[in-house]
Amino acid sequence: MSSITPCRRPRHLLALAVAAALAPLAASANPEVRDDAAVLDAVNVVGTGETRQVQALGREELARQPAGSSALKLLGKLPGVHFTSADPWGNYEWSTRLNIRGFNQNQLGFTLDGIPLGDMSYGNHNGLHISRALIAENLGFAEVSQGSGALDTASSSNLGGTVRFASRGPQAERGATLAQTVGSDDTLRTFARYDTGDLDGFSAFLSGAKHDAEKWKGYGAQDSRQVNAQARYADEAWSLGALINTSRRNETDYADLSLESARRLGMDWDNYARDWTRAIRAGFGQFSGGVNSLDDAYYLGRGLRDDNLYALNTDIAIGDGGSFKAQVYRHTNEGQGHWVTPYSPSSATLPLSLRTTEYTIDRGGLTAGFELPFGVHTLSFGLWHEDSDHNLQRNFYFLNADTPPNRGYFYRSPDVRVFEQDFDSRTQVWYLNDRIALMDGRFTIDAGFKALDAEIEAVSRRGTRAQGRIEAKDSFLPQLGLRFEVAPGFELFGSYAENMAAFRAGVNGPFSASQSGFNAIRDTLRPETSTTFEGGLRYGNEGFQSSLTLYRVDFEDRLLTISQCAGIVGCPSVLANVGDVETSGAEAAIDWRLGGGFSLFGSLSWNSSEYASNYLDGTTLVPTDGKTVVDTPEMLANVELRYAADALEARIGMKYTDERFITYVNDSRVPDYWVTDASVSYRFGDLGFAKDLKATLNVTNLFDEDYFASVGTNGFVARDPQGLNYTLVTGAPRQVFLTLEASF
């Protein structure tokens, strides 16, 4: 498999990136600094005025991606951000993985317009994925705080960074937009939006998206239907807004591979659908075509998600420069994960059945905050409160040999219910921060803290899984940030932050153990915590932006599901604290307008995340001390060249991802890889009653590279020297999409 042979690591590029980031300092003794340097439409690698690392992507960057691309995929070009997915848009949630500075997705925080999205994991218990929360075309910008988000971030999982998404709200001008995308694997996407414009202070928009596509390998649909609507009334001193977002998602799974099965069956191997007869034979152990185990393939898997998100918000000016902002929200979700399993027969003649993991979420909350300036101080304080009801079930449905389960819908009335749990979660966060501006604003200090109290009450309705109560609480989680403007456009910054994560309700939390297992840990289990130090420098002028950041993170009380005794004793596996993780790293980024219509973006990240202790799995010592954290590439690099002249814009970008370990003792890994994407767009201007007609051609994975995209889809194991763990998915091959967009 030459396509997945490791290539040389570009370690020397780190020094080159640092040199490139600093070179214009000598060339620009008296730069002309942009007043809006912090809000460039394309990429903001500076974060001017911030006391911590903050970087953002704006509308121009979003428009360069294939229509419907997840906002998470866009963030993958920023330093310190590692994103993978099996599909070309980054929307297939089973495979979606976001890692920032060694922290995985359920250790990060996410919000949309201030509404908490939870940890956005696949079996989510407290939120929803951004690809369902908002139509991609309605995204206004996405902002990453790689080290720690602001104190007012509505998250109980942001041990590492935070990601803040903002929607593109109602526009001042009346008009409509229609976009149609066609492309590889029968992709057909339609997006429409209508804005009322400003009507004496009132404005609103209504939009919808219909996305249909087939999987790029195997059989199955990747379909979604979404509606977004917002309305706002704004006066001189106050505004009132409302939001309604709905999503209906039906996605068919790609097969999980192991290193061994990929060598034996090929990187393009997938599940059996629509070969129902072959799947039945395999269920009886009658393998064919190189298959030698039940785990090589299943008939199919599927994810169904229905979501409704509602919010009311207000923004009121107070005195000279003060403000009060508040928002109430509600989110309802129903989801089912389908797996046609050969491990539980429907009958003596049909060795397959449908296993489901079924979820519902009904959560509501409030965020509120004051900002009051006086003298050199700006005082911010506020709260976030959320109550969430989450139901979790594991069920089996018996199938009919004459009717393969090809159609995706919500199943009802299971034949076997293995377990059912209800979770009542209450989360409260209070924060206080003082921003002190000294030396005419050149020196800024942020000092504050937040208090987190997250309690879960679980009730077991059926089965042997645990019930009870557990709480994560800390009344003082401090943050301190400093920023100093050395010269116009040139800043030094540094920050310190402590964070704690709440325990998880649902599939992978402490209540996934038996009652005896939970009772054994409930009084000693500690929530995960982190301490982050970061510092660096920024430089920006009209045509150039750059940043260089160094960081250190101490992650304590890592949680892992392990055995509590020797396997022969038969005690259950439970969640346990297994030690710490130590992380150090460096990040550099530039965005350079070269002249003649050309511009260059580059980012380079070096990260060292290592387990700091061994742990016991039953009576077996797992020697993880000094080993690299799973799914944490040491090096990440992105290089993108853009050209824009008159109506034409072209872009080509290359992304490098270093090798990644897939076992805790580092005896198995996936190779490094480069992936190249390209796009070209042309604006035709007005055509008949259509205004600003635009055509965009996107090509993803331009050189058709074979590579392992996401790892850990079925979790990680301590050891796997032969590469037998089915926990890998391959990245999409070359895909081509054409979008026509017009305004009316």
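**Exercise 1. Find how many cavities of 30 Å³ or more the structure holds, and describe the largest one.**

Solution. Step one is the count: seven cavities reach 30 Å³ or more. A cavity here is a set of points, on a 1 Å grid over the protein atoms alone, where a 1.4 Å probe fits but cannot get out; lining residues have an atom within 4 Å of a point. Grid points are joined across faces, edges and corners, and a volume is the space filled by probe spheres set on the points.

The model is predicted: local features need pLDDT of at least 70, side-chain atom pairs count only at pLDDT 80 or more, and totals for chains, interfaces and linings use all residues. Numbering runs from 1 along each chain as its sequence is written, and side-chain values use heavy atoms, with hydrogens and water left out.

Step two is the volume: the largest cavity holds about 480 Å³ of space. Its lining has 28 residues, and Lys73, Asn638, Lys655, Val675 and Asp677 are the closest to its centre.

Step three is the source of the lining. At least two residues each come from α3 (71–75), β3 (81–84), β30 (635–645), β31 (648–657) and β34 (673–687). Helices (H or I, at least four residues) and strands (E, at least two) are DSSP runs, numbered from the N terminus. β31 gives the most, with four residues.

Ala, Val, Leu, Ile, Met, Phe, Trp, Tyr, Cys and Pro count as nonpolar, Asp, Glu, Lys and Arg as charged, and the others, Gly among them, as polar.

**Exercise 2. Describe the second largest cavity.**

Solution. Take the volume: about 80 Å³ of space. Then list the residues closest to the centre: Gly80, Arg101, Asn607, Pro633 and Leu636, from a lining of 13. Strand β27 (residues 598–611) supplies the largest share, three residues. By class, the lining has four nonpolar, seven polar and two charged residues.

**Exercise 3. Locate the largest nonpolar core and the contacts of Ile130.**

Solution. A nonpolar core is a set of buried Ala, Val, Leu, Ile, Met, Phe, Trp, Tyr and Cys residues joined through side-chain atoms within 4.5 Å. Buried means under 20% relative accessible area, exposed over 50%, and partly exposed in between (1.4 Å probe, protein chains only). The largest core has 84 residues; Leu72, Leu75, Leu98, Phe110, Leu117, Ile130 and Phe165 touch the most other members. Beyond its neighbours within four places in sequence, Ile130 is in contact (heavy atoms within 4.5 Å) with Ser70, Ala71, Leu72, Leu112, Leu117, Met120 and Phe165. Another core, of 28 residues, lies apart and includes Leu265, Tyr272, Ile280 and Leu399.

**Exercise 4. Trace the strand partners of β9 (residues 175–183).**

Solution. Two strands pair if DSSP finds at least two bridges between them. β9 pairs with β10 (residues 187–195) in the antiparallel sense over nine bridges. Within this pair, Ala179 has Phe191 as its bridge partner. The two strands form a hairpin with three residues between them, and Asp185 in the turn has a positive phi of about 55°. Seven bridges join β9 to β38 (residues 735–743), also antiparallel. There, Leu178 stands opposite Ala742.

**Exercise 5. Where do Ser413 and Arg274 lie, and what marks their backbone?**

Solution. Ser413 lies in the loop between β17 (377–398) and β18 (416–438). Ser413 is not a glycine, yet its phi is positive, about 55°. At 65% relative accessibility, Ser413 is exposed. Arg274 lies in the loop between α5 (259–265) and α6 (276–283). The peptide bond from Ala273 to Arg274 is cis, with omega near 15°.

Notes
On a 1 Å grid over the protein atoms alone, a cavity is a set of points where a 1.4 Å probe fits but cannot get out, and a pocket is an open set with protein on both sides within 12 Å along at least five of seven lines; lining residues have an atom within 4 Å of a point.
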